[in-house]
Amino acid sequence: MSYDEQGQIFYPQPCVAGANSGLQQTIDGVNGYLALGIESSKLVLGQPWYGYDYVCVTTPPLASAPGSDMAESSAAAVGATAAGGGLALRSEVNPVCYMKEVPYQGAYCSDAAGSQREYRWVMRALRDNATTRRLWDSSAQAPYFDFRDEHGLRHQVWYDDPVSLILKYELVQKMSLRGIALWGTDFLDYTGDPVERAQATEMWDVINVKL
């Protein structure tokens, strides 16, 4: 299961929206199992056909407010990530999306601050409501975009599409894994308009290219 990777965010990492299934996190997770002596042929790589929709808060969460000890370490992490082209400084027109702090199992912040969204919902939101184009995080190797809801609140949506998924499907071959598992195949639109049917077909076709 290489998704819900924002399930626990610990200091000094900032409480910001990020990839549901980042490439390097996926690689590190597989390597962790291999280091335990588990044979690669027994590992099935779980992949998400859904994303997360986060409501962005206008200011950093309270624990990250200036003057707190945690804020200093969190700010340092933001700066380091920005310098490396990661989460914190994605673009001037699309700043970081700070999330509401929702603790989970000892972590001060988690993806519980967001809502899971099926792939078909994500594609419709990108087409109909996005206030940015489809953007790409070079660190996580994952797409995302912004939109505003009917109340004017800014949202940021992180998801996987054929471009990001194929990079992880390639790991199955490179790391000699048994195969992939998908969550979930019913998150596509098989009966909608031609554009949505084509999007569903593309999600399946990219599997055939690599597996």
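Helices, of at least four residues, and strands, of at least two, are taken here as DSSP runs numbered from the N terminus. The model examined is a predicted one.

On this basis, helix 1 (23–35) and strand 1 (44–48) each contribute at least two residues to the lining of the second largest pocket. The largest share comes from helix 1, which provides five lining residues. The space in this pocket amounts to about 220 Å³. Its lining consists of Met1, Ser2, Glu5, Gln25, Thr26, Gly29, Val30, Tyr33, Leu43, Val44 and Leu45. Sorted by class, six of the lining residues are nonpolar, four are polar and one is charged.

The relative accessible area of Ser164 is 1%; because the cut-off for a buried residue is under 20%, Ser164 is classed as buried. Two polar groups lie by its side chain. The side chain of Asp160 forms a polar contact with the side chain of Ser164 at 2.8 Å.

Leaving aside residues up to four places away in sequence, Ser164 is in contact with Trp136, Gln141, Ala142, Pro143 and Tyr159. The surroundings of this buried serine thus include the side chain of Asp160 as a polar partner, together with contacts to residues such as Trp136 and Tyr159.

Terms used: Residues are numbered from 1 along each chain as its sequence is written. This is a predicted model: local features need pLDDT of at least 70, side-chain atom pairs count only at pLDDT 80 or more; totals for chains, interfaces and linings use all residues. Side-chain values use heavy atoms; hydrogens and water are left out. Buried means under 20% relative accessible area, exposed over 50%, partly exposed in between (1.4 Å probe, protein chains only). A polar contact is a pair of N or O atoms within 3.5 Å; within protein, one must be able to donate a hydrogen and the other to accept it, and residues adjacent in sequence count only if both atoms are side-chain atoms. Contact means heavy atoms within 4.5 Å. On a 1 Å grid over the protein atoms alone, a cavity is a set of points where a 1.4 Å probe fits but cannot get out, and a pocket is an open set with protein on both sides within 12 Å along at least five of seven lines; lining residues have an atom within 4 Å of a point. Grid points are joined across faces, edges and corners, and a volume is the space filled by probe spheres set on the points. Ala, Val, Leu, Ile, Met, Phe, Trp, Tyr, Cys and Pro count as nonpolar, Asp, Glu, Lys and Arg as charged, and the others, Gly among them, as polar.
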